[in-house]
Amino acid sequence: MERKQRGADPSRSAPSRLAARKTRGGFFHARLSSGVELAVDHLPQRQTVALSFRMLTGLVDEPFELTGINSIVEQTLSKGTERYTGRELADAFDMLGASWSTASGRQATAVHVLCLPEFVGNVVELVAEMLCRPTFPAEACQVAVELARQDLLRLEDDPDELIRMMIQRLTLGPRLGRHPGGEPETLARITPQQVREHWKRFYHAGRLQVAVAGPTRPETLARHIDRLFDGFGSPEPAGRENADFRFQPARAHRHKHLEQEYIAITLPGLPRDHPDFAVEQVLLRVLSGGMSARLFTELREKLGLTYWVGAWHEQPRGKGVIHLGASTTPQRCHETYERLLAELARVGQDLREEEVRRARDGLIAHYQTQDDLTRARAAGLGDDLFHFGRPVGLEARLEAIRKVTVERVVEYARRLPTDRPCVATLGPREL
């Protein structure tokens with residue numbers, strides 16, 4: 001590869017571009033001289049360390065004619081480097097007892113690792129090797145493209161994925177709403193050389209955010225990361241723009257011979273950094289927080305309308321989207337659609353304190369159990385960097401949820417434009 005990594009001498013100590021500082025909650029946060037942004041949640045009593053390396057590039061940076069190329073980059077990063085073959089790299093992680101995975105999405109590509117504290121330095125070296133010096137063997141690229149083609153064929157038998165792709169396209173627009181896995185005609189154009197060129201253009205230290213949770217020394221880790229990623233492309237911050245789409249009401253239907261009709265509805269929601277984001281969380285928990293939630297109780301248990309029903313949200317950086325979804329019989333699809341929106345609107349009319357308390361307690365319990373795992377703490381810290389540009393932490397999220405009242409949820413529910421949604425349907429009947 002043309003781009004080389006500099007500064008591999010472990011004895012050199014590079015200063016941070018911005019002085020490292022302790023934030024509210026005791027997090028370590030620094031912009032290193034290499035360009036890497038690092039945050040550490042020091043948890044001295046834990047037995048493992050979780051690391052999340054988030055490269056701020058994804059589907060959003062792909063040319064339309066090569067849609068899916070970043071997914072191919074992500075899948076082939078580990079298939080060979082200047083130092084290791086793909087098999088040798090996997091063996092090196094296994095020798096450390098490290099659990100690792102990669103993932104790519106609309107705005108970011110990630111490497112997640114869980115390991116014992118004594119192996120953190122070695123793990124970071126392996127990840128740096130993967131990100132900074134991949135060779136993208138031609139055969140591996142060709143295999144990744146073929147697997148992507150097969151995955152598209154598989155999706156034709158997965159109505160849940162098909163309806164998700166339809167509503168994403170409607171909601172997020174022609175660029176961000178594309179399928180990250182590509183399309184048959186775009187995958188056919190991807191060559192190993194184009195994969196290498198895409199990596200070279202968008203994979204830089206200035207786009208890299210690293211979040212770590214566990215019993216590790218932040219200053220020592222910062223120096224180690226700074227050495228390993230020094231000279232890895234541009235150190236200037238990049239890839240931190242908000243998602244570029246405007247919510248526009250729209251409808252789409254795809255006819256498909258199915259026993260059920262699949263319905264997806266979206267409305268504009270809130271970004272993570274909005275003061276009312278916790279209010280939206282509680283609202284959705286009231287609607288879809290278990291078997292006592294409104295959608296399950298009303299549409300499934302009382303009316304027998306749906307096989308499955310739910311409400312959730314997602315947040316591209318700087319934006320938010322609320323989702324409602326259900327599967328029903330073709331004969332009752334219109335009634336199901338009307339009831340979904342009616343239940344959302346009804347929250348603004350007859351919400352009870354008991355429901356809000358149950359929703360708050362459920363969210364807090366989730367944060368204090370599943371989201372308190374070391375791996376989840378690192379992922380949450382990585383999300384903080386992505387959405388806020390700084391560590392926020394678990395306690396701040398809990399505090400925001402505890403302050404949510406019935407009045408705030410009712411006010412927010414009444415503001416939602418339930419008369420102007422995006423709607424996608426899949427099945428035998430169009431709404």
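Reader: Let's start with the open sheet of 5 strands. What's the strand order?
Author: This is a predicted model, to be clear. The order in that sheet is β8-β12-β9-β11-β10, and the pairing is mixed.

Reader: And which strands stand at the edges?
Author: β8 (250-255) and β10 (306-314) do. Each has a single partner strand, so one side of each has no neighbour in the sheet.

Reader: How many degrees are neighbouring strands turned against each other?
Author: On average 10 degrees, ignoring direction.

Reader: Inside the sheet, in what sense do β9 and β12 pair?
Author: Antiparallel, over 5 bridges, with β9 covering residues 261-268 and β12 covering 422-427. If you want a spot to look at, Ala-264 stands opposite Ala-424 in β12.

Reader: What does helix α10 lie across?
Author: Helix α10 (residues 294-302) lies across β10 and β11 (321-328). Its direction is at about 155 degrees to that of β10.

Reader: Switching to β4. Is that strand buried or exposed?
Author: Buried: 7 of the 7 residues in β4 (residues 49-55) are, so the strand is largely enclosed by the rest of the structure.

Reader: Which residues point which way there?
Author: Val-49, Leu-51, Phe-53 and Met-55 point one way, while Ala-50, Ser-52 and Arg-54 point the other way. All of them are buried, Arg-54 included.

Reader: Over how many bridges does β4 pair with β6, and with β7?
Author: With β6 (residues 109-115) the pairing is antiparallel over 7 bridges. With β7 (residues 208-214) the pairing is antiparallel too, over 6 bridges.

Reader: What about helix α1, how many of its residues are buried?
Author: 7 of the 8 residues in α1 (residues 69-76), so that helix is largely enclosed by the rest of the structure. The buried ones are Ile-69, Asn-70, Ser-71, Ile-72, Val-73, Glu-74 and Thr-76.

Reader: And what do they pack against?
Author: β5 (99-104), β6, α4 and α7.

Reader: Helix pairs next. At what angle do α9 and α15 pack?
Author: About 85 degrees, with the axes 9 Å apart. α9 (residues 277-288) and α15 (residues 406-415) are therefore roughly perpendicular to each other.

Reader: Which residues meet there?
Author: From α9, Val-279, Glu-280, Val-282 and Leu-283; from α15, Arg-408, Val-409, Tyr-412 and Ala-413. By class that contact has 6 nonpolar, no polar and 2 charged residues.

Reader: And α12 with α14, what's the angle?
Author: About 175 degrees, with the axes 10 Å apart, for α12 (residues 353-368) and α14 (residues 394-402). That makes the two helices roughly antiparallel.

Reader: Which residues make up that contact?
Author: Arg-360, Leu-363, Ile-364, Tyr-367 and Gln-368 in α12 meet Leu-394, Arg-397, Leu-398, Ile-401 and Arg-402 in α14. They divide into 6 nonpolar, 1 polar and 3 charged.

Reader: Cysteines now. How many disulfides does a search of the whole structure find?
Author: It finds 0 disulfides.

Reader: Last topic, Phe-136. What's its phi?
Author: Near 50 degrees, a positive value in a residue other than glycine. Most residues other than glycine have a negative phi.

Reader: Where is Phe-136 found?
Author: In the loop between α3 (120-132) and α4 (138-155). Phe-136 is buried, with a relative accessible area of 0%.

Reader: And how many residues apart along the chain are Pro-137 and Gln-193?
Author: They are 56 residues apart, with 9.7 Å separating their C-alpha atoms. Gln-193 sits in helix α7 (residues 192-202) and is partly exposed, at a relative accessible area of 41%.

Terms used: Residues are numbered from 1 along each chain as its sequence is written. This is a predicted model: local features need pLDDT of at least 70, side-chain atom pairs count only at pLDDT 80 or more; totals for chains, interfaces and linings use all residues. Side-chain values use heavy atoms; hydrogens and water are left out. Two strands pair if DSSP finds at least two bridges between them. Helices (H or I, at least four residues) and strands (E, at least two) are DSSP runs, numbered from the N terminus. Axes are lines fitted to C-alpha atoms, for helices over the stretch in contact, and angles run from 0 to 180 degrees between N-to-C directions. Contact means heavy atoms within 4.5 Å. A disulfide is a pair of cysteine sulfur atoms within 2.5 Å. Angles under 35 degrees count as roughly parallel, over 145 as roughly antiparallel, 65 to 115 as roughly perpendicular and the rest as oblique. Ala, Val, Leu, Ile, Met, Phe, Trp, Tyr, Cys and Pro count as nonpolar, Asp, Glu, Lys and Arg as charged, and the others, Gly among them, as polar. Buried means under 20% relative accessible area, exposed over 50%, partly exposed in between (1.4 Å probe, protein chains only).
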